[in-house]
Amino acid sequence: MVNLDIRVFENYTIQDILGEMPQADQKLQEKLEKETNTLIQNLDTKSKSELQEILSQHLKAKQEMTKFSGAQAMDQSKIEMFHEFLSKYITAIESKIK
């Protein structure tokens with residue numbers, strides 16, 4: 001069973017990603033890019049324990065999203081878009097922890 005309430009970034013849940021809205025379009029891509037860059041910049045203000053908590057939360061979100069990769073009823077382009085930005089964010093967090 002998937003927890004649809006898991007937060008991805010600040011403004012989205014797994015339910016948002018799997019649902020019809022927001023649509024996977026240029027506007028969403030630009031919004032995710034801006035949000036990801038802002039979140040990465042804000043990592044400098046986080047303690048190591050906060051970074052580990054954020055990393056744990058986002059790894060779990062990525063794992064849950066992966067369960068739906070390839071599901072025909074899902075908007076794969078949107079799932080892939082979130083995966084791309086989520087991977088970028090996770091990589092930035094991991095580099096800050098090291």
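These legends walk through a few close-up views of a predicted model.

Local features are described here where pLDDT is at least 70, side-chain atom pairs count at pLDDT 80 or more, and totals for chains, interfaces and linings use all residues. Residues are numbered from 1 along each chain as its sequence is written, and side-chain values use heavy atoms, with hydrogens and water left out.

**View 1. Helices H2 and H4 pack against each other.**
H2 covers residues 26-42 and H4 covers residues 76-97; helices (H or I, at least four residues) and strands (E, at least two) are DSSP runs, numbered from the N terminus. The angle between H2 and H4 is about 15°, and their axes are 10 Å apart. Axes here are lines fitted to C-alpha atoms, for helices over the stretch in contact, with angles from 0 to 180 degrees between N-to-C directions. H2 and H4 are therefore roughly parallel (angles under 35 degrees count as such). On the H2 side, the meeting residues include Leu28, Leu32 and Thr36, and on the H4 side they include Phe82, Phe85 and Tyr89.

**View 2. Thr36 sits in helix H2.**
Is Thr36 buried or exposed? Thr36 is buried, with a relative accessible area of 0% (buried means under 20% relative accessible area, exposed over 50%, partly exposed in between, with a 1.4 Å probe and protein chains only). Setting aside neighbours within four places in sequence, Thr36 is in contact with Phe9, Phe85, Lys88 and Tyr89; contact means heavy atoms within 4.5 Å.

**View 3. The largest nonpolar core has 27 residues.**
A nonpolar core is a set of buried Ala, Val, Leu, Ile, Met, Phe, Trp, Tyr and Cys residues joined through side-chain atoms within 4.5 Å. Val8, Phe9, Leu32, Phe82 and Ile93 have the most contacts inside this core. H4 gives the most to it, with ten residues. Not counting residues up to four places away in sequence, Phe82 touches Val8, Phe9, Tyr12, Ile17, Leu28, Leu32 and Met65.

**View 4. Phe9 lies in the loop between strands S1 (7-8) and S2 (12-13).**
Look at the backbone here: phi of Phe9 is near 60°, a positive value in a residue other than glycine. Most residues other than glycine have a negative phi. Phe9 is buried too, with a relative accessible area of 4%.

**View 5. Phe68 is in the loop between H3 and H4.**
Phe68 is buried, at a relative accessible area of 18%. Leaving aside neighbours within four places in sequence, Phe68 is in contact with Val2, Leu18, Met74, Gln76 and Ile79.

Definitions and conventions. Parallel < 35°, antiparallel > 145°, perpendicular 65-115°, else oblique.
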